[in-house]
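Biologist: Could you take me through this structure, beginning with the salt bridges and the domains?

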Amino acid sequence: MSHYDEEALEKFRLSGRILRETREEMRSFVRENMPIIQVCEKTESLIREKGGKPAFPCNVSINEVAAHYTSPPGDQNIIPEKSIVKVDLGVHVDGYVTDTAFTACFNPDYQSMVDTAETALKAAIDIVRADLSVSKIGGVIENTIKNRGFKPISNLTGHSVGRYLIHAGTSIPNVAQISLTKIKAGGVYAIEPFVTLPDAGGSVEDKPQKTIFRLVKPKSAKTPEAKQLLKFIEENFRTLPFAERWLQGAVPAEQHHETFQELLATRAIMGYPVFVEVTRKPVAQAEHTVLVKEDGCTVLT
Ligand code: MN
Ligand code: MN
């Protein structure tokens, strides 16, 4: 399914506009020694002020952490000095998802790596058009990164997006690979190169920590509190990812922890592990969401 009607496209465009404005405001907001939770909450409140909803919790992934960290409730962590910080944010308007990211660089040694992520993203966007194979996009991203002396993260990918879907079925690799999959005119795709140092492993692995969650089995809760919390999740986020921070007030505060753990234990919800580079080397990221046309694409974000 890659054909959206004009009404849906208008919602994608609005979603992208809200996201672009938010990203640009956040670029100048993020600072060393700032609490991470302040970045998450500022991003999410800007999105809401502009009339969108966060499509997923704002990810603030620092240094060797590549993706999937958002502040848990009461997060005390701060942005370290000399760090590189990937801020990954998403908006939906009536379910129509756009996704973007930038890397704030507080260490001049890594500026070239951060620029490389942006350059690889631009190189990919420059070739995107209907019926291009996803492996061609991966090849261009990989070559751009390697030509500048860096290494792509091979097991993180971009993705098609859809209505209430962050990952709508098609992956856009960051390395050349054998694939017959082609991108389609009228489809909406997030492209997101991840770049690390040349002597890094060049892939990510799961950490035990999980800070982002998603509904798996609606109507599977047993206790009244679990039913209430699950209903809140279903009504507010459907199957889009959410943060534990976003559940405050859904059940009485003294019952929150136990109830949340019950939903995890019964697999009514699942958590996404935090991704870390396998050799603990720093990672940079850039991301845009594009609408594919016959002869090119429109950057929505
Ligand atoms: Mn993203
Ligand atoms: Mn993405």
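Modeller: A salt bridge here is a side-chain nitrogen of Lys or Arg within 4 Å of a carboxyl oxygen of Asp or Glu. This is a predicted model, in which local features need pLDDT of at least 70 and side-chain atom pairs count only at pLDDT 80 or more, while totals for chains, interfaces and linings use all residues. Residues are numbered from 1 along each chain as its sequence is written, chains are lettered from A and ligands numbered from 1 in the order in which they are written, and side-chain values use heavy atoms, with hydrogens and water left out.

Biologist: How is the protein chain divided into domains?

Modeller: Domain 1 comprises 6-206 + 275-299, and domain 2 comprises 212-272. These bounds come from an automatic or database domain assignment. The C-alpha centres of the two domains lie 27 Å apart.

Biologist: What area is buried between domain 1 and domain 2?

Modeller: About 1,300 Å² is buried between domain 1 and domain 2, and carbon and sulfur atoms give 67% of that area. Buried area is the accessible area (1.4 Å probe) that two parts lose on being put together, summed over both. On the side of domain 1, Pro-57, Pro-73 and Tyr-164 lose the most area to domain 2, together 44% of what that side buries.

Biologist: And how many residues are in contact?

Modeller: 20 residues of domain 1 are in contact with twelve residues of domain 2, where contact means heavy atoms within 4.5 Å.

Biologist: How many salt bridges are there between domain 1 and domain 2?

Modeller: The count between these domains is one salt bridge. Separately, Glu-44 forms a salt bridge with Arg-245, with the closest N and O atoms 2.8 Å apart. The elements that give two or more residues to the side of domain 1 touching domain 2 are α2 (36-49) and β1 (53-62). Helices (H or I, at least four residues) and strands (E, at least two) are DSSP runs, numbered from the N terminus.

Biologist: How many salt bridges does the structure hold?

Modeller: The structure holds 15 salt bridges. A network of them links Glu-6, Glu-10, Arg-13 and Arg-17. Within this group, Arg-13 pairs with Glu-6, the closest N and O atoms being 3.0 Å apart. Arg-13 is partly exposed, with a relative accessible area of 29%. Buried means under 20% relative accessible area, exposed over 50%, and partly exposed in between (1.4 Å probe, protein chains only).

Biologist: Which residue forms a salt bridge with Glu-21?

Modeller: Lys-50 does, with the closest N and O atoms 3.1 Å apart. The pair links distant parts of the chain: Glu-21 is in helix α1 (residues 6-27) and Lys-50 in the loop between α2 and β1, 29 residues apart. Glu-21 is partly exposed at 39% relative accessible area, and Lys-50 is partly exposed at 25%.

Biologist: What separates Lys-231 and Glu-235 in helix α5?

Modeller: About one helical turn separates them, because they are four residues apart in helix α5 (residues 224-237). Lys-231 and Glu-235 form a salt bridge, the closest N and O atoms being 3.5 Å apart. Both residues are exposed.

Biologist: Turning to strands, in which sense do β3 and β4 pair?

Modeller: Strand β3 (residues 84-93) pairs with β4 in the antiparallel sense over ten bridges; two strands pair if DSSP finds at least two bridges between them. Ile-84 stands opposite Cys-105 in β4. The two strands form a hairpin with two residues between them, and Asp-94 in the turn has a positive phi of about 50°.

Biologist: Is β4 mostly covered or uncovered?

Modeller: Strand β4 (residues 96-105) is mostly covered, with nine of its ten residues buried.
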